Amino acid sequence: MDSNDILDDKDSGPEVQINFPSSVMSRIEEMMGGTEQFDSAEFDAVAYINRVFPTEQSLSGVESAAARCEFHLAGVEHDIRRLVRAQAEQREAGQNALVDAQRCIAELALQVADINKKAERSESMVREITSEIKQLDCAKSNLTAAITALNHLHMLVGGVDKLRSMTRSRQYKEIVLPMQAIMEVLQHFECYREIRELSSLREQVHAIRTELAAQIRADFKDAFTGSKSTISHRTLSEACAVVDILEPKVKQELLKWFINVQLQEYQHLFSAEQECAWISFVERRYAWLKRHLLATEESLANIFPHSWRLSEAITQQFCKITRSELSNIMSSRRSEVDVKLLLYAIQKTYNFELLLHKRFTGTELGAEPVDVGNDKSTNEFDDNKLAGVEPEPVEAGRPGGNNGSPWIGLIGACFEPYLSLYISSLDTNLRSLCDRFIQDAKAPASSSDTSANTSGAVISSCADLFLFYKKCLVQCARLTTGEPMIELAGVFQKYLREYASAVLQASLPRAHSSALPLAVPSMPSIVTNLHTLLRDDNQGNDARYTKQEISKITSVITTSEYCLETTIHLEQKLKEKVSPGLADKIDMTPEQDLFHKIISNCIQMLVQDLELASEPALQAMTKISWLNFDNVGDQSSYVTQIIMHLKNSVPNLRDNLSSSRKYFTQFCIRFANSFIPKFIQNIYKCKPISTVGSEQLLLDTHMLKTALLELPSIGSEVRRPAPATYTKVVIKLMTKAEMILKLVMAPLDGNLEGFVAQFVQLLPECTVAEFHKVLDMKGAKLSKAQLSSLDVLFKETCKNVNSDINK
């Protein structure tokens, strides 16, 4: 039987051909270790035979080749039979396994159904068993609740009668526990409010409590106001225990009445008609309270519980009454209130409030201990500027604030509306202080002052002014954080402007006639007056400042810088001390701008003075015959003269401004911005000029550029690089001067377009007027038509260059 017969026997159905994708086939081939070449769809038998038998001589091996093919064919047929049998056996085994699985599933379903039936029977049995137990539990709960309610009802009925009898016999000690128990019972019966009998009992209990409260108040009144009271202190002490379990308002009303009784004597002794009620005798009020509290605590300590804080409550009411009475009496006698008297009352009041804070710290009103007597944070507004200076001791407290304690300011708040008198006194003191500063500024300088000014030191009166400001701020911050602090800030601003105008501005040489105005809106006239003065000085008086005058100017710069920085710190401290809602009203920016302007004007004075020294050399530069130069030599004498003036002047300025390096840098930058354009204007005046003369002038320009780049450290043993901003200014401006001279040396030779292009390339920011000046220096003889065409060409070239730059 061949393989076809086997296939026909095993599978009589229609033949089905299965085609697998090429990827699947390649994977099968990999797993099977490759395929025979005979299995390939592209197998060519002729080609195969030609390959096996390529020559006629190779035909001698035909028989052996045929034998190998037959052997291989027999092996393939054997494998096919084996695989067919294995497939048939696996199919039978699968069918048997499926039958076994179905049988097991059926058996499992029967077992699950049996288990469910048993579970239902068990649940039914448990329900039958526990149904009676639940009924018994419910009956037990109801019975327990009924017994408890009956017991409470019995307790309530009996307790009401007992409370009524004990109340009438004033057995206060025995009332406490039954009353608490009855209140708990009533709380238990809260859910039975609709029952009439219980509502009646509740009303009886409340009536007893009301009667008990009225009786206790009557007992206290009889004990403390009656002439012959039979109520003992022990009875009153027991009554206080009863009050604690009554409504809170009962205790509040009792304390209010008792405190008013205790303070009746005080209100009578210090009524407005009495002389001792005036604030000059305010210490007597506080002495009375101290004596009264001592007497009260000795005599009544065994009556009132400590938890009632009787002394604290009396003191708090005393403070409220005192604040109200002092406020009323000061309002009615306002004309008699002066600064000395006001500060005395504030100081005594603060000392008393501080004593109360220490006495009642940790109680309900004074919850936490706070250090209010030694607040270091209010003692300085600028540690750096006023290092080592301590404010004078200030004991007065803050009437409007609390310094972290509820006692501080409880009485003193009544003084705050009158603190404007204190601010006025500070204004007067500052007026006297500034007058002294002004007189000192006008007085001839002593030898010590001269030596101080030589180094450009800060004027001593400046430190004295801010020291006084510091003391005023410390004291006023302890007195209030309200509107008076805003008034104080206004006073500070007023005398900062006064100091700037009458002291700093007046100290400037030949500038004493242009005093600074005090009003901030007219501050622009400061710059106008000073610039006019400088211009007049330069035009009408060529005398330079002396060394002492230079020292005064640098001293004003360092002093203004000190004032500027300290004013910033002062504004910050004022905003910290004032109430948050008022902080935005404090603004010292105008005063800071004022000091900025003074510094700027002083720097301008120094710049103009140094320019004035260089002016003769620049004039000599224009008088040189640049047309007759034959060869280029060393730097010209005018350059040597300018550098000599720089070496003589700048080191002194640098030493005087050693503590204000940024302003020395500003001086250098301003000088460069002012001197170099003048130097360029003088270059334009050097005409006519030859090519050799241009080369000499270019050499002079380069030497001057080198000297200017070294200006910040000129004459100094320590060489440090110049600031980058200054170097940038000098290089930019001096490069322009060099480019001008290079253009002067450039040949014209009729190539006007090339010259214009070179001009715009080297000096892209120049104007037509400067273009004409360069042509004049070159000695170009052009007609009006040629000059007009050059102007048009110059403008078009500049426009094209600018458009290229923008792109």
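Which residues of helix α23 are buried?

**View 1. Helix α23 and the residues it buries in this predicted model.** The buried residues of α23 are Tyr726, Val729, Val730, Leu733, Met734, Ala737, Glu738, Met739, Ile740, Leu741, Leu743 and Val744. An α-helix has 3.6 residues a turn, so residues three or four places apart point the same way. The cover over the buried residues of α23 includes α21 (661-685), α22 (691-709), α24 and α25. Helix α23 runs over residues 724-745, and at 1.5 Å a residue its 22 residues should span 32 Å, which agrees with the 31 Å between its end C-alpha atoms.

**View 2. The aromatic pair of Phe755 and Phe771.** A pair of aromatic rings is described by the distance of the centres and the angle of the planes. For Phe755 and Phe771 the distance is 6.3 Å centre to centre and the angle between the planes is 35 degrees, and the pair is tilted. Phe755 belongs to helix α24 (residues 752-762) and Phe771 to helix α25 (residues 768-778), so the pair ties together parts that are 16 residues apart in sequence. Phe755 counts as buried at 3% relative accessibility, and Phe771 is buried too, with a relative accessible area of 0%.

**View 3. The aromatic pair of Tyr266 and Phe318, among the 28 aromatic pairs that the structure holds.** The ring centres of Tyr266 and Phe318 are 4.6 Å apart and their planes stand at 55 degrees, so this pair is tilted. Because Tyr266 lies in helix α9 (residues 264-269) and Phe318 in helix α11 (residues 310-332), the pair ties together parts that are 52 residues apart in sequence. Tyr266 is buried, with a relative accessible area of 0%, and Phe318 is likewise buried, with a relative accessible area of 0%.

**View 4. A cluster of rings, and a charge over a ring.** Phe220, Phe224, Trp257, Phe258, Phe304 and Trp308 are linked into a cluster by ring pairs. At Trp278, the charged end of Arg333 sits over the ring, 4.1 Å from the ring centre.

**View 5. Confidence along the predicted model.** The pLDDT of the protein averages 79, and 81% of the residues score at least 70. Over residues 1-15 the pLDDT is below 50, and this stretch has 10 contacts in the model beyond near neighbours in sequence. The pLDDT is also below 50 over residues 366-402, a stretch that has 101 contacts in the model beyond near neighbours in sequence.

Note on methods:
Residues are numbered from 1 along each chain as its sequence is written. This is a predicted model: local features need pLDDT of at least 70, side-chain atom pairs count only at pLDDT 80 or more; totals for chains, interfaces and linings use all residues. Side-chain values use heavy atoms; hydrogens and water are left out. Rings of Phe, Tyr and Trp (its six-membered ring) pair if their centres lie within 6.5 Å; planes under 30 degrees apart count as stacked, over 60 as edge-to-face and the rest as tilted. Helices (H or I, at least four residues) and strands (E, at least two) are DSSP runs, numbered from the N terminus. Buried means under 20% relative accessible area, exposed over 50%, partly exposed in between (1.4 Å probe, protein chains only). A charge sits over a ring if NZ of Lys or CZ of Arg is within 6 Å of the ring centre and within 35 degrees of the ring normal. The expected span of a helix is 1.5 Å times one less than its number of residues. Contact means heavy atoms within 4.5 Å. pLDDT is the predictor's confidence in each residue, from 0 to 100.
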